[in-house]
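Dear colleague,

Here is the structure I promised to pass on, with the sequence alongside. Please have it open while you read the notes that follow.

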Amino acid sequence: MSKKVYHPEMTYTIFKEGKFNKAIFGVGSAENHGFHLPFGNDTLVSHAIAMAVAQKVDGMLVLPPVNVGVSHHYDDFLFTLTLRPEVLVEVLKDMLNSTIRQGINRIIIINGHDGNIAPIEIAARSVKVANPEAFIASLDAWWVKAGELLPQDTFEVWNGLGHAGEGETSMSLYLFPELCQPEEAQGVVPDLPEGLDIKWKFNEITPYGATGDPTKGTAEKGEKMFNALVDYIVKSIQDLEKNQWKYGVMMKM
């Protein structure tokens with residue numbers, strides 16, 4: 001039987017018995033994911049990763065995921081909800097500060113959406129500066145890390161990248177196939193220049209709400225991605241714990 005690790009499902013008694021000293025949570029979005037993946041895809045994936053990690057790490061509490069992210073660059077596609085970047089920064093700061101005030105100051109963020117990366121950075125840095133004793137880390141782009149962890153021949157197109165592309169579709173087909181419609185999948189690999197981070201609106205680079213090639217996605221690839229990511233995060237946490245969560249040399253004043 002799996003451990004009880006998810007905060008919304010706990011009573012006070014269960015929480016105290018769990019002896020939680022670390023926390024993890026996902027940050028997702030509520031936006032179009034092509035014609036074939038659910039609107040809450042980013043939240044569902046990031047939360048699933050958080051839950052799987054917590055099952056393998058003693059004392060890890062899973063906080064409620066953030067369900068709406070910064071998605072205004074996707075809102076030409078129905079049906080997209082978005083927070084303003086400054087609002088997400090404040091939401092994240094409040095979540096982090098609340099957790100620290102409650103006595104848990106080791107926190108991992110699993111991000112599921114590109115638009116959340118900058119707000120997570122701003123919020124986490126701000127909270128860290130205000131709480132030097134806290135440890136805050138984030139996996140900013142699991143879709144990139146998965147491609148780094150797996151053999152180069154795992155993916156067929158664009159190293160699995162893309163919004164609702166091969167990699168993301170594969171993860172979804174593995175984790176929640178009942179919510180997917182792969183027969184509706186269409187995508188395109190945009191001709192973006194290397195070395196420049198173009199601040200596009202999504203309708204400028206695809207007419208399908210998806211980039212990459214989602215038709216190449218499979219549950220088998222998704223299982224490999226998911227397991228590799230969970231193992232990577234678990235090992236990182238274990239290594240930090242062995243080193244008492246120290247990762248550098250403090251400057252002496």
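A helix here is a DSSP run of H or I with at least four residues, and helices are numbered from the N terminus. Please keep in mind throughout that this is a predicted model.

With that definition in hand, helix α5 covers residues 142–149, and because Glu148 and Lys145 are three residues apart within that helix, they are separated by about one helical turn. These two residues form a salt bridge, in which the closest N and O atoms are 3.0 Å apart.

Side chains of opposite charge can pair when their charged atoms come close. One of the pairs is made by the side chains of Lys22 and Glu241, at 2.8 Å from N to O. Lys22 lies in strand β1 and Glu241 in helix α7, so this pair ties together parts that are 219 residues apart in sequence. Lys22 is buried, with a relative accessible area of 2%, while Glu241 is partly exposed at 32%.

Another salt bridge joins Asp75 to Lys201, with 3.4 Å between the closest N and O atoms. This pair, too, links distant parts of the chain, since Asp75 sits in the loop between β2 (60–62) and α3 (85–101) and Lys201 in the loop between α6 (166–175) and α7, 126 residues apart. Both partners are partly exposed, Asp75 with a relative accessible area of 39% and Lys201 with 33%. Beyond these pairs, Glu156, Glu166, Lys216 and Lys221 are linked in a network of salt bridges.

Turning to the packing of helices, the axes of α2 and α7 (residues 219–242) come within 9 Å and cross at roughly 50°. The two helices are therefore oblique to each other, and their crossing is right-handed.

Definitions and conventions:
Residues numbered from 1 in each chain as written. Predicted model: local features only at pLDDT ≥ 70, side-chain atom pairs only at ≥ 80, totals over all residues. Heavy atoms only, no water. Axes fitted to C-alpha atoms, helices over the stretch in contact; angles between N-to-C directions. Parallel < 35°, antiparallel > 145°, perpendicular 65-115°, else oblique. Left-handed = near helix turned anticlockwise from the far one by under 90°. Salt bridge = Lys/Arg side-chain N within 4 Å of Asp/Glu carboxyl O. Buried < 20%, exposed > 50% of the residue type's maximum accessible area, 1.4 Å probe, protein only.
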